[in-house]
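The model is a predicted one.

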Amino acid sequence: MNGAKILWVDDEIELLKPHILFLRGKGYDVESCNNGYDAIEMAKSTPYDLIILDEMMPGMTGLETLPHIKEIRPTTPVIMVTKSEEENIMDKAIGSKIADYIIKPVNPNQVLLSIKKNVHSQQLVTEQTTADYRAEFGRISSLLSEARTFADWCSIYRKLVNWEIELTDSTDEGIKEILYYQKNEANNEYAKFVRKKYLDWINRKDTDTPVMSHTLMRTNIFPVADTHPKTTLLLIDNFRYDQWRSISSLLRGWYDVDKEDFYCAILPTATQYARNAIFAGLMPLAIDKLMPNQWLNDNEEGGKNQYEEDFLRRQLQSNGKNYKTTFDKLVRPEAGRKLIDNIQKIYDADFSVIVYNFLDILSHARTETEIIRELTEDEAAFRSLTRSWFEHSDLFTLLKLLSEHGHTVIITSDHGTIRVDNPIKVVGDRETSPNLRYKTGRNLNYNAKEMFVISKPEEAQLPQSNITSTYVFAYNRDFFVYPNNSNQFVRYYRNTFQHGGISMEEMMVPYIVLHPKN
């Protein structure tokens with residue numbers, strides 16, 4: 001950890017020799033001078049890791065020396081040492097971007113602490129975070145064997161995502177690899193859990209059945225709208241819990257988080273199924289039976305999500321909700337600006353719904369565009385890009401405006417997405433659906449041990465294009481490939497973000513209720 005090169009500037013530097021010897025004894029390479037002019041010249045010739053600068057020196061003061069040093073070494077941290085605690089001097093020093101300040105008389109341990117904070121903070125954080133995760137590893141492993149409900153699995157997923165975020169900046173690649181394998185193990189165990197429980201959730205509801213896509217509105221969303229006369233539902237396609245964590249800090253000045261939870265997306269975890277189920281309040285088979293002209297199967301041509309507003313209005317009516325409602329779907333960047341220009345209609349409504357498709361577009365762009373793929377190399381990069389997009393988006397502007405006008409906001413999604421890397425072969429005819437995480441069609445040929453098979457779609461309340469249709473769902477990081485041109489297909493889609501199958505990332509959908517601060 002030691003070995004950092006330090007410059008100490010003080011007009012009474014001879015009196016500080018014991019302190020300098022103390023730091024050298026701790027392994028630091030300390031140089032010194034007694035005036036600002038020499039300090040500037042030394043900073044020009046030597047890239048110091050940190051500079052300690054006395055504020056009160058004859059000739060050129062520390063505050064006068066500081067901007068010259070910052071011009072030469074803008075990223076080098078500077079600790080200001082001062083006899084005065086006057087507020088205006090501290091304001092000037094802090095405004096000049098000092099890293100820290102120390103009040104005389106100087107205590108050597110105080111100096112050492114400031115050096116550690118400004119030179120070694122990343123390493124110290126990495127070491128402590130690594131130690132903390134190692135201690136937590138065994139507890140999470142125990143939870144995997146003890147999980148019995150969807151809520152138990154959500155708790156595990158939350159812990160794993162928290163550790164992913166904590167270790168994002170860690171330089172310890174070994175501990176990141178351990179976390180990767182533990183999350184992989186968790187997803188494999190979760191897949192077994194879903195295979196065992198899913199049909200019971202759909203057909204035999206009990207106290208362990210989670211809130212799911214088709215029950216989300218009446219169970220979670222309508223109660224909020226009933227008690228808050230101005231409520232906006234923001235549904236961001238492809239939005240995961242880790243992405244929520246990446247943007248949540250940006251909203252702190254505008255909202256308080258009233259609730260942060262999960263619901264379970266239905267299978268397939270794809271927009272056509274999950275989002276239609278949310279707005280209709282019905283499983284896909286029921287939508288197909290009740291409104292056959294408004295449901296298209298995978299093998300039928302046409303838009304699969306054209307009637308979401310109609311579904312919503314029907315669900316509102318069937319639940320006796322007489323809210324004044326607006327519905328907007330934003331699929332192009334300019335649509336956000338247009339909605340802001342017409343925001344009065346949202347202010348006037350009791351319950352507003354906004355569907356925002358940007359992250360889904362970004363996921364597809366990552367698959368198809370080499371530069372986007374490079375920018376989102378892994379989950380951490382994808383989170384970073386999500387935050388950067390959100391911070392400069394019309395959506396952020398919209399949320400700030402809604403806060404100023406007292407709107408309660410519900411943020412959720414229809415499903416998440418997972419980065420796939422393991423190809424699994426499936427054979428089907430031309431009518432087979434093209435999705436990489438699930439397939440539906442007749443005469444599918446596959447290894448049933450490698451996937452979740454629903455041979456009777458009606459048992460999962462799913463429609464079928466013909467009487468022999470079957471659904472198969474990929475687990476964890478698997479994706480389906482055909483034997484023809486499989487090598488080229490695998491190269492193109494490996495490490496892309498996909499959805500439709502079974503994983504914690506796709507099925508555990510964040511559900512957040514925000515109350516405006518004002």
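## Salt bridges

Glu-308 and Arg-275 form a salt bridge in which the closest N and O atoms are 2.9 Å apart. Glu-308 belongs to helix 13 (residues 308-318) and Arg-275 to helix 11 (residues 271-280), so this pair ties together parts that are 33 residues apart in sequence. Both Glu-308 and Arg-275 are buried.

Another salt bridge joins the side chains of Glu-379 and Arg-419. Because Glu-379 lies in helix 18 (residues 379-391) and Arg-419 in strand 11 (residues 418-419), the pair ties together parts that are 40 residues apart in sequence. Glu-379 and Arg-419 are both buried. Elsewhere, salt bridges with shared partners link Glu-164, Lys-183, Arg-240, Asp-242, Arg-383 and Glu-505 into one network.

Lys-117 pairs with Asp-100 in a salt bridge. Here Lys-117 comes from helix 5 and Asp-100 from strand 5 (residues 100-103), so parts that are 17 residues apart in sequence are tied together. Lys-117 is partly exposed, at 49% relative accessibility, whereas Asp-100 is buried at 16%. The whole structure holds 32 salt bridges; three of them are tabulated here.

| Salt bridge | Closest N to O distance |
|---|---|
| Glu-308 and Arg-275 | 2.9 Å |
| Lys-117 and Asp-100 | 3.2 Å |

In soluble globular proteins, nonpolar side chains tend to be buried together. In this model the largest nonpolar core has 103 residues, and those with the most contacts inside it include Trp-153, Tyr-190, Tyr-198 and Phe-279. Helix 8 (residues 173-203) supplies the largest share of this core, 10 residues. Beyond its neighbours within four places in sequence, Tyr-198 is in contact with several residues, among them Met-212, Ile-266, Phe-452 and Met-507. Apart from this core lies another, of 18 residues, including Trp-8, Ile-13, Ile-20 and Val-81.

## Helix 1

Ile-20 is also one of the buried residues of helix 1 (residues 17-25), together with His-19 and Leu-23. These residues cover an arc of only 100° around the axis, so they sit on the same side of helix 1. The buried residues pack against strand 1 (5-9), strand 2 (29-33) and helix 5 (108-119). Pro-18, Leu-21 and Gly-25 are exposed on the face turned away from the buried side. After helix 1 comes Gly-27, with a positive phi near 100°.

## Cysteines

The structure holds 0 disulfides. For Cys-154, the nearest cysteine sulfur is that of Cys-264, 7.8 Å away. Cys-154 is buried, with a relative accessible area of 6%. Cys-33 is buried too, at 7%.

Notes. Residues numbered from 1 in each chain as written. Predicted model: local features only at pLDDT ≥ 70, side-chain atom pairs only at ≥ 80, totals over all residues. Heavy atoms only, no water. Buried < 20%, exposed > 50% of the residue type's maximum accessible area, 1.4 Å probe, protein only. Helix = DSSP H or I, 4+ residues; strand = E, 2+ residues; numbered from the N terminus. Arc of directions from axis to C-beta. Contact = heavy atoms within 4.5 Å. Disulfide = S-S within 2.5 Å. Core = buried A, V, L, I, M, F, W, Y, C linked by side-chain atoms within 4.5 Å. Salt bridge = Lys/Arg side-chain N within 4 Å of Asp/Glu carboxyl O.
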